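Subject: Model for your review

Hello,

Please find the model below, with my notes after it. Could you read the notes beside the structure?

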Amino acid sequence: YVDILRSEFPEIDTEVFEYITGVLECGGPDFEDEDEVFEAIGGVLQEVSSDSKNEEDIRDICLQMFNTLKLNDCDSARKQVLLDAPVQLSQIAGECVTTTNDVQGIWMIKRGQNTTVNAKKLEKAEAKLKAKHEKRNEKDSQKVASPLVLEEASASQASSKKDNRIDASGKNKSYDIRIENFDVSFGERSLLQGAEVSLSYGRRYGLVGRNGLGKTTLLKMLAGRSLRVPAHISILHVEQEVAGDDTPALQSVLESDTVREGLLKEERDINTRIAAGHAEATDTVRLSEVYAKLEEIEADKAPARASVILAGLGFSPKMQLQTTKEFSGGWRMRLALARALFAKPDLLLLDEPTNMLDVRAILWLENYLQTWQSTILVVSHDRNFLNAVVTDIIHLHSQRLEAYRGDYENFVKTKEDRLRNQQREFEAQQQYREHIQVFIDRFRYNANRASQVQSKLKLLEKLPELKPLEKETEVTLRFPDNFEKLSPPVLQLDEVEFYYHPERRLFTCLNVSADLESRICIVGENGAGKSTMLKLLMGELTPVNGIRQAHRNLKIGYFSQHHVDQLDLNVSSVELLLKKFPGRTEEEYRHQLGGYGISGELAVRPVASLSGGQKSRVAFAQMTMACPNFYILDEPTNHLDMETIEALAKALNKFRGGVVLVSHDERLIRLVCRELWVCENGGVQRIDGGFDEYRDILQEQFRKEGFL
């Protein structure tokens, strides 16, 4: 490398030369590649060259030096030497004090003023470099600050002149909806192609399908009339919570009936004019008409009807008089549902209505919707809710919609039969095709059979093209359980008392315990303290009185009801795990996400662009990566499709640790739980008869309170 230095830089300063050779001599064995050599001396060489060589040239020189260093290392392999006695570093340091002044680094030597560097050029270069760094930092800050731009959904539909003409004439009085040959896409991703859907008035439809296929998007397209729905059909989509203002809850529900509100306002205006003596001749006649219409729509019974709906959804008489701004987001969503039920639109669109409800409110809603007069299209992954409410199922899969008569259980049976017949038909046709093809191949070049071969070829062309059965991939979840068994008691609360405000005590004398064998489900009305109890079990909240005892090796995994709020939506799922569990390879993060159905392109998409169910899966992957031995789950089924709920139940049953969960999903409760705890009246009561007994208790309450 000395020869290379002298040949490439003949005018190199002696001190710089000695510095570079010193670096190469001392660090030679430690250099892994030419890049490390460039990092060590590249900057100095660039300066020495006075810009006569570019970066590429300097890198080539560093490569030559690296190769020379490696050859020297091979020639003089270092041998390990056994010392005769221990080395006393303090003694050596004392002997070397006198000579340290003679050993000075290149940067310590005071050089003469006759330097070859132009001071003005150096200052200019430094200013340019500083400006470049500032510009880069500014770009980075803008990049971080810029909001995440999400793809938007769109729909297109082949229009029919006949239908358009009928709609424009106003003669279409039918409340049936038929939408043919339409496409729905989300950004560049196609969700539905050439699909069609028919909704007969008065029937209740359940829209089912895997997470991320476009169920919610289809509801939004219908609600926004991006798909052609006759103008005279009123649509109401329960999507956003009610805005918080000074309107009482009961009044907010009454105002959703725009016809009644309009008639009452007109009545007030006419009466005001009559009282002031400014009435017109037609006002008296019009007032009679308004009274007749109010009587026809039973306006006087509206407050009682609104109150029954609110009570069924969990609003006490006191809560019904509270202003909407006093309620949390979950209660405002219930209020939005109550407004929709009271308004009675021609087409009611519900997206996961049970997510915001407790078991009691779900049971009431099931009973209420069974007598619904107009059309309902509901997206739900609650199997029992669909069985109780819907008359038809619409299955979204393979970018198309398929309709089935009956409830969800009937759909499952019919779908299996249909798929079995489809596969049988496909196999029979394949055999027939092969049989004909054998004849064609055998006599293709036989002149006497030419006409027969031609007829066989035409026959093959006319056969309908049947597709093989497309099996949906099976959803599997697994909770790692490679941990040692803990001896009980694992987790318990003894004589616990807790409250946020002394005048409203949530728990008094609470005694509960759980171990690694536990499969406990907690139910109860919203506000009864279910989530608070989970936080007491985890130790996030400290009891006012009483003791929480936990095994020293207990490791809890917690799934929050509001898990979406705790995810960074601006990064991908892989980046999310990287931030939470740094120091692992990308393959490990992808493998963890893949175990919960977030694989391929999904793993690198921003979390904000994932569906609700996919976000839940990301939250599961994040929760299980630390390998807890006890899970506390707060509404884990929200947004999950039915296949994933079934897989979750199987995974929890196989898991060797303990499980305590709060859930409103009857299917999951029946599949997993061995104990049912009801949270009410400042304590927890165990129901020995399980969910069936709890359901009977609620039904009896409804009958007594007159909510059915």
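His 381 is in contact (heavy atoms within 4.5 Å) with Gly 209, Asn 211, Lys 215, Glu 352, His 639, Leu 640, Asp 641, Met 642, Ile 645 and Asp 665, leaving aside its neighbours within four places in sequence. This is a predicted model, in which local features need pLDDT of at least 70 and side-chain atom pairs count only at pLDDT 80 or more, while totals for chains, interfaces and linings use all residues. Residues are numbered from 1 along each chain as its sequence is written, and side-chain values use heavy atoms, with hydrogens and water left out.

The loop that holds His 381 runs between β7 (375-379) and α16 (383-389); helices (H or I, at least four residues) and strands (E, at least two) are DSSP runs, numbered from the N terminus. With a relative accessible area of 7%, His 381 is buried. Buried means under 20% relative accessible area, exposed over 50%, and partly exposed in between, with a 1.4 Å probe and protein chains only. The His 381 side chain reaches the backbone oxygen of Leu 640 at 2.8 Å. For a polar contact the limit is a pair of N or O atoms within 3.5 Å; within protein, one must be able to donate a hydrogen and the other to accept it, and residues adjacent in sequence count only if both atoms are side-chain atoms.

His 381 also belongs to the lining of the second largest cavity, together with Val 208, Gly 209, His 395, Tyr 408, Phe 411, Lys 415, Asp 641, Met 642 and Glu 643. A cavity is a set of points, on a 1 Å grid over the protein atoms alone, where a 1.4 Å probe fits but cannot get out; lining residues have an atom within 4 Å of a point. This second largest cavity holds about 60 Å³ of space, where a volume is the space filled by probe spheres set on the points, and grid points are joined across faces, edges and corners. α17 (408-443) and α23 (642-654) each supply at least two residues of its lining, and the largest share, three residues, comes from α17. By type, the lining of the second largest cavity divides into four nonpolar, three polar and three charged residues. Here Ala, Val, Leu, Ile, Met, Phe, Trp, Tyr, Cys and Pro count as nonpolar, Asp, Glu, Lys and Arg as charged, and the others, Gly among them, as polar.

The whole structure has six cavities of 30 Å³ or more. The largest cavity has a volume of about 90 Å³. Of the 13 residues that line the largest cavity, Val 359, Ile 362, Glu 666, Phe 691 and Arg 695 are the closest to its centre. Two or more lining residues come from each of α15 (359-369), α16 and α25 (690-705). The lining of the largest cavity consists of seven nonpolar, two polar and four charged residues.

Next, strand β16 (residues 658-662). Five of its five residues are buried. In a regular strand the side chains alternate between the two faces of the sheet. In β16 both faces are covered, with Gly 658, Val 660 and Val 662 buried on one side and Val 659 and Leu 661 on the other. Strand β12 (residues 519-523) pairs with β16 in the parallel sense over four bridges, and Cys 521 has Leu 661 as its bridge partner. Strand β15 (residues 630-634) also runs parallel to β16, joined by five bridges, and Tyr 631 stands opposite Val 659. Two strands pair if DSSP finds at least two bridges between them.

Some backbone geometry to check: most residues other than glycine have a negative phi, and most peptide bonds are trans. Pro 488 and Pro 489 are joined by a cis peptide bond, with omega about 0 degrees; Pro 489 is in the loop between α18 (450-462) and β10 (491-501). Gln 399 has a positive phi of about 60 degrees and sits in the loop between β8 (392-397) and β9 (400-405). Glu 635, in the loop between β15 and α23, has a phi near 50 degrees. Gln 399 counts as partly exposed because its relative accessibility is 30%, whereas Glu 635 counts as buried at 7%.

Regards

Technical notes
1 Å grid on protein atoms, 1.4 Å probe; cavity = no way out; pocket = protein on both sides within 12 Å on 5 of 7 lines; lining within 4 Å.
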